[in-house]
There are 2 protein chains.
Amino acid sequence: MLSEFSLIERFFARRARSGSPPGEAAKVSRAALGIGDDCALIVPPAGQQLAISTDMLVEGRHFFADVDPHALGHKALAVNLSDLAAMGAAPHAFTLALALPAADEQWLAAFSDGLFALAERFDCELIGGDTTSGPLNICITVFGDVPGGAALRRDAARPGDDIWVSGTLGDARAGLGLLRGEWDVDDEAAAAQLKCALERPEPRVALGLALRGVARAALDISDGLAGDLAHILKRSHARAVVDADAVPVSDALAALPAPVRRTCALAGGDDYELCFTASAEARATIAAIGERERVRLTRIGTIEPIADASARAPSIAWHDRSGAPLPLTLQGFDHFHAD
Amino acid sequence: MLSEFSLIERFFARRARSGSPPGEAAKVSRAALGIGDDCALIVPPAGQQLAISTDMLVEGRHFFADVDPHALGHKALAVNLSDLAAMGAAPHAFTLALALPAADEQWLAAFSDGLFALAERFDCELIGGDTTSGPLNICITVFGDVPGGAALRRDAARPGDDIWVSGTLGDARAGLGLLRGEWDVDDEAAAAQLKCALERPEPRVALGLALRGVARAALDISDGLAGDLAHILKRSHARAVVDADAVPVSDALAALPAPVRRTCALAGGDDYELCFTASAEARATIAAIGERERVRLTRIGTIEPIADASARAPSIAWHDRSGAPLPLTLQGFDHFHAD
């Protein structure tokens, strides 16, 4: 059994850049002071704002007890990096607070490997944290840079804007359904792809940076398109018309029955793709960004003004590819209700 | 049953300053963007470093299930502000991630009242967070400002420095023992004081700010004097000689049997007093700071060089008031072992 301090030292502090021994070929830390003091100290570059986001992952709610710890380390940081991506912020640091039922060395080795593999890809440095015993809980706070005024906010959508999404939607929810036995997929490669979407989401960091100055409003789809788009609409005081059949799905998801496919794509959480709005003039620029970043970008609808000023709630009008209205009542994922 | 979003709105977002409706007499937010987007945005003032700390509190480990939620809200932020105090940083913002077994309105009302009462006292703004269902877990990350180079670090102690502590030590551990039935205190006022020390620690923010440029090394005593002073010694490559009888205790603690008193004062956690070192020339200045801030400041020992360069570990030599060595083997609180 490892003590708390040797656990931090062995699995986390050594791999935090500022904890590298002198002489080791570590990159230069952006932190003035990293792990091992009461606080970390960072110096944001002049002219940049600091973007901050925090996400807590709980066993049984966000992941199963038997999840591959390497994948869990990846996902815990990925969902936070996704928030930076949605803001157009460049990742630079994170803190990690971890409650563990036991100090299981094998589990910690795999978890920290998954975590740091992603952190190193995005040059995102662990600068501090906390560990305690308790039911498994992972709380990460990330820090990113964005030039003053350049952040992609939720409140910036305007009537007439196109609504775009990156990648394909619904695979993560379909993967969850597979694990839960809600449905089955015979094709092993397709099943693996759906589970991978759930367990190893790819934060759209490069896309978020490319969309600065191009997109207006943006967010990441963590709770499902219907619920997340509603956040943009609420904060931008607008409504949306969306072609449900235009929402892109993977071949693996397309092979599932239509009602499953539609629910997963429109209301399934955990995809971590970006949803953003932009003026129609930006279409060619956005297409070029998609090609350069090798990410599918699809127009799915339009932002509309709220016609009646007394209308109670902003809303989404769904239609199918023929233009016929779809009476969908889709809700975003809510952590205090079953999804 | 409240939904996640109405819960955040009702108990947290409304009281976050940046969420104040226009026209309401709210203070000006330092945050460029607060709760409700993917990230908060903050703009650190020129010349300041950003001090960041994170602490996770778990039911059954850091507090009992039946703790007064108002006190818990206070303590969850207090232990984080204490880390800023120990660094000499001025609090300005925090994020809150919360896992709750249920959305209990009464509990949330009291918890958020306790939290914001302390936050408002220290002008510390809630800028973001996350809520989820799960075993009760509170993870706060705090942000403070400290001028470049002025932070009170753990690695700055020098041989010849005095070792100081603020307040009295051991009351929180004595209060924990009362709740656990390890010992009893007949005097009701004394018992209340000990429990209050455990449940409502006061972060030494003003003291930390006053000690900038005066103290050398500093930290807050969260895991017990013995364990925490060892962190300063390890990072400063030094050892310490400490008069165990000089360590200040309250009258309430002094009334307990000598072995209990000593263990609580020297190794009990959760006091959140500051331990700091300073040159002997600073004694008068420090005494004046104590009077101005109305906090007891006591010299308890001296930093010594490590005589033998090959000595394995920095250590503390304890003695009693007569100078006789005390063979104490005190360890700091370790979350993976019983304390």
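Trainee: In this predicted model, is His237(A) buried or exposed?

Mentor: His237(A) lies in the loop between helix 7 (225-236) and strand 9 (239-243) of chain A, and its phi is positive, about 50°, although it is not a glycine. Most residues other than glycine have a negative phi. Because its relative accessibility is 62% and the cut-off for exposed is over 50%, His237(A) counts as exposed.

Trainee: And how does Asp123(A) count by its relative accessibility?

Mentor: Asp123(A) also belongs to a loop, the one between helix 3 (105-121) and strand 5 (125-133) of chain A, and it has a positive phi of about 55° without being a glycine. Its relative accessibility is 37%, and a residue between the limits of 20% and 50% is neither buried nor exposed, so Asp123(A) counts as partly exposed.

Trainee: What share of the residues of chain A counts as buried?

Mentor: The secondary structure of chain A comes to 10 helices and 12 strands. Among its contacts between residues at least 6 apart in sequence, 83% join residues at least 24 apart. Of the 339 residues of chain A, the share that counts as buried is 57%.

Trainee: Why is helix 4 (residues 171-180) of chain A described as largely enclosed by the rest of the structure?

Mentor: The buried residues of this helix include Asp171(A) and Arg173(A), as well as Leu176(A) and Leu178(A). What covers the buried residues of helix 4 includes helix 5 (188-199), helix 8 (251-254) and helix 9 (258-267) of chain A. Helix 4 is largely enclosed because the number of its 10 residues that are buried is eight.

Trainee: Which residue with a positive phi follows helix 4 of chain A?

Mentor: The helix covers residues 171-180 of chain A. The residue that follows helix 4 has a phi near 75°, and this residue is Gly181(A).

Trainee: Turning to the interface, how much area do chain A and chain B bury between them?

Mentor: The size of an interface is often given as the accessible area lost when the parts come together. Here 68 residues of chain A are in contact with 68 residues of chain B. Carbon and sulfur atoms account for 61% of the buried area, which comes to about 5300 Å².

Trainee: Which residue of chain A forms a salt bridge with Arg154(B)?

Mentor: Across the interface of chain A and chain B there are four salt bridges, and 13 residue pairs are in polar contact. The largest share of the side of chain A that touches chain B, nine residues, comes from strand 3 (residues 48-58) of chain A, and the residues of that side divide into 38 nonpolar, 17 polar and 13 charged. In the salt bridge of Arg154(B), the closest N and O atoms are 3.0 Å apart, and the partner is Asp38(A).

Trainee: Which residue of chain B does Ala40(A) stand opposite?

Mentor: Strand 2 (residues 40-42) of chain A pairs with strand 3 (residues 48-58) of chain B in the antiparallel sense, over three bridges. Within strand 3 of chain B, the residue that Ala40(A) stands opposite is Ile52(B).

Trainee: Inside chain B, is Ser82(B) buried or exposed?

Mentor: Ser82(B) has its place in helix 2 (residues 69-87) of chain B. Leaving aside residues up to four places away in sequence, Ser82(B) touches Pro203(B), Asp220(B) and Tyr272(B). At 0% relative accessibility, Ser82(B) counts as buried.

Trainee: How many of the five residues of strand 10 (residues 274-278) of chain B are buried?

Mentor: Both faces of strand 10 are covered, with Leu274(B), Phe276(B) and Ala278(B) on one side and Cys275(B) and Thr277(B) on the other. Strand 7 (residues 162-166) of chain B is joined to strand 10 by four bridges in antiparallel sense, and strand 8 (residues 218-220) of chain B, also antiparallel to strand 10, is joined by three. Strand 10 is largely enclosed by the rest of the structure, since its buried residues number five of the five.

Trainee: Which residues make up the uncovered face of strand 12 (residues 316-319) of chain B?

Mentor: Strand 12 runs parallel to strand 9 (residues 239-243) of chain B, and four bridges join them, with Ala240(B) as the bridge partner of Ile316(B). The covered face of strand 12 holds Ile316(B) and Trp318(B), whereas the uncovered face is made up of Ala317(B) and His319(B).

Definitions and conventions:
Residues numbered from 1 in each chain as written. Chains lettered and ligands numbered in written order. Predicted model: local features only at pLDDT ≥ 70, side-chain atom pairs only at ≥ 80, totals over all residues. Heavy atoms only, no water. Contact = heavy atoms within 4.5 Å. Buried area = accessible area lost by both parts, 1.4 Å probe. Salt bridge = Lys/Arg side-chain N within 4 Å of Asp/Glu carboxyl O. Polar contact = N/O pair within 3.5 Å; in protein donor to acceptor, adjacent residues only side chain to side chain. Helix = DSSP H or I, 4+ residues; strand = E, 2+ residues; numbered from the N terminus. Nonpolar A, V, L, I, M, F, W, Y, C, P; charged D, E, K, R; others polar. Pairing = 2+ DSSP bridges. Buried < 20%, exposed > 50% of the residue type's maximum accessible area, 1.4 Å probe, protein only.
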